[in-house]
Amino acid sequence: MPYLSTSTYPGPPWYQFTPNLETIWPGALRRIRGLRYERERLELSDGDFVDLDWVDRGQRRLVILTHGLEGNSERHYMKGMAKAFREDRWDVLAWNCRSCSGEMNRKLRLYFHGEIGDLGEVVEHALRTKDYECIVLVGFSMGGNILLKYLGERADDLPACVAAGIAFSAPVDLVDSVVKLDTPELAFYRKRFYQKLRPKVIHKARQFPNLIKAADLDKVRTWRDFDRYFSAPINGFSSPDELYRAGSAIRFVGPIRVPSLLVNAQNDPILSPSCFPEALARQHPYLYLEAPRRGGHVGFCLPRTSVSWAERRALDFVHEKL
């Protein structure tokens with residue numbers, strides 16, 4: 001019964017007194033020092049590429065980190081987790097989804113919540129080029145959804161050394177999450193995502209003028225509109241509903257056979273109630289659901305320390321299960 005009815009998260013510093021502050025404050029003000037990446041470009045099987053940022057200390061254990069929507073390896077949550085695992089004597093691979101490393105990708109397709117092929121190629125590349133005996137996957141928001149879907153969909157042919165997965169603030173049900181994202185209360189988040197994605201859409205329209213029309217940006221009024229005109233066709237889907245069904249990890253986690261932790265805060269301003277699959281976790285032998293009362297979206301700050309509780313929780317789970 002891996003549903004965890006209690007959480008060790010004590011809550012954020014006193015000045016983060018709303019869910020939005022818990023979410024926004026770390027991204028705006030948290031700085032991770034003393035961490036240096038080594039970059040490698042991975043050429044993908046379809047002719048595109050992703051950029052990998054390594055912390056290679058010659059260890060036999062590797063953690064692979066996947067960022068959230070329009071994030072990258074430099075985000076505070078990525079660097080904080082990388083530093084925590086490095087100090088616990090792990091190698092780290094923080095990879096950047098297509099178009100997120102500072103250089104636009106070559107192909108029409110960007111990335112989306114259900115794209116597991118690129119993560120699979122990253123895992124295979126790590127195993128092909130270095131001698132690892134244990135790999136743990138950690139993802140944030142979209143990245144958490146991606147890794148849970150990967151562990152479920154690839155359960156029958158998962159590399160033997162992939163030993164665990166840990167997801168924080170993952171929108172595992174996109175159907176309901178998009179409905180919530182389109183509410184007036186979340187206009188701030190929609191606008192931020194939209195501002196980051198708009199230049200990429202314009203770039204893709206220039207690359208592929210017969211497939212993408214930048215003028216359709218003027219038709220976007222909701223997040224579902226954006227997915228209708230851009231996310232779905234760019235990623236090869238006929239409609240937003242098809243995109244959401246293909247991308248929702250909750251539909252794929254049943255076959256998971258490695259310990260997998262999903263940590264979603266109850267006050268997360270972005271997640272819908274269906275992203276807390278308590279009934280499923282109670283019946284699943286490997287899916288652990290932890291729902292702390294507070295934490296915001298990829299927040300989980302702690303008072304009087306620069307270390308995030310998410311970093312401590314991830315290491316605790318790894319030490320407990322492996």
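**Burial, contacts and cavities**

Reply: Asn-235 counts as buried because its relative accessibility is 10%. Buried means under 20% relative accessible area, exposed over 50%, and partly exposed in between, with a 1.4 Å probe and protein chains only. This is a predicted model: local features need pLDDT of at least 70, side-chain atom pairs count only at pLDDT 80 or more, and totals for chains, interfaces and linings use all residues. Residues are numbered from 1 along each chain as its sequence is written, and side-chain values use heavy atoms, with hydrogens and water left out.

Me: Where does Asn-235 lie?

Reply: Helices (H or I, at least four residues) and strands (E, at least two) are DSSP runs, numbered from the N terminus. Asn-235 sits in the loop between helix H7 (223-234) and helix H8 (240-247).

Me: Which residues is Asn-235 in contact with, leaving aside neighbours within four places in sequence?

Reply: Contact means heavy atoms within 4.5 Å. With those neighbours left aside, Asn-235 touches Arg-109, Leu-110, Tyr-111 and Phe-112.

Me: How many cavities of 30 Å³ or more does the structure hold?

Reply: On a 1 Å grid over the protein atoms alone, a cavity is a set of points where a 1.4 Å probe fits but cannot get out; lining residues have an atom within 4 Å of a point. Grid points are joined across faces, edges and corners, and a volume is the space filled by probe spheres set on the points. Here there are three such cavities.

Me: What lines the largest cavity?

Reply: There are 26 lining residues, with Leu-69, His-113, Trp-223, Asp-227 and Ser-231 nearest the centre. H7 gives the most, six residues. The lining divides into 19 nonpolar, six polar and one charged.

Me: What is the volume of the second largest cavity?

Reply: About 50 Å³. Helix H2 (76-87) supplies the largest share of its lining, three residues.

Me: Is Glu-290 buried or exposed?

Reply: Buried, because its relative accessible area is 2%. Glu-290 lies in strand E9 (residues 287-290). A polar contact is a pair of N or O atoms within 3.5 Å; within protein, one must be able to donate a hydrogen and the other to accept it, and residues adjacent in sequence count only if both atoms are side-chain atoms. The Glu-290 side chain makes one with the side chain of Arg-313, at 2.6 Å.

Technical notes:
1 Å grid on protein atoms, 1.4 Å probe; cavity = no way out; pocket = protein on both sides within 12 Å on 5 of 7 lines; lining within 4 Å. Nonpolar A, V, L, I, M, F, W, Y, C, P; charged D, E, K, R; others polar.
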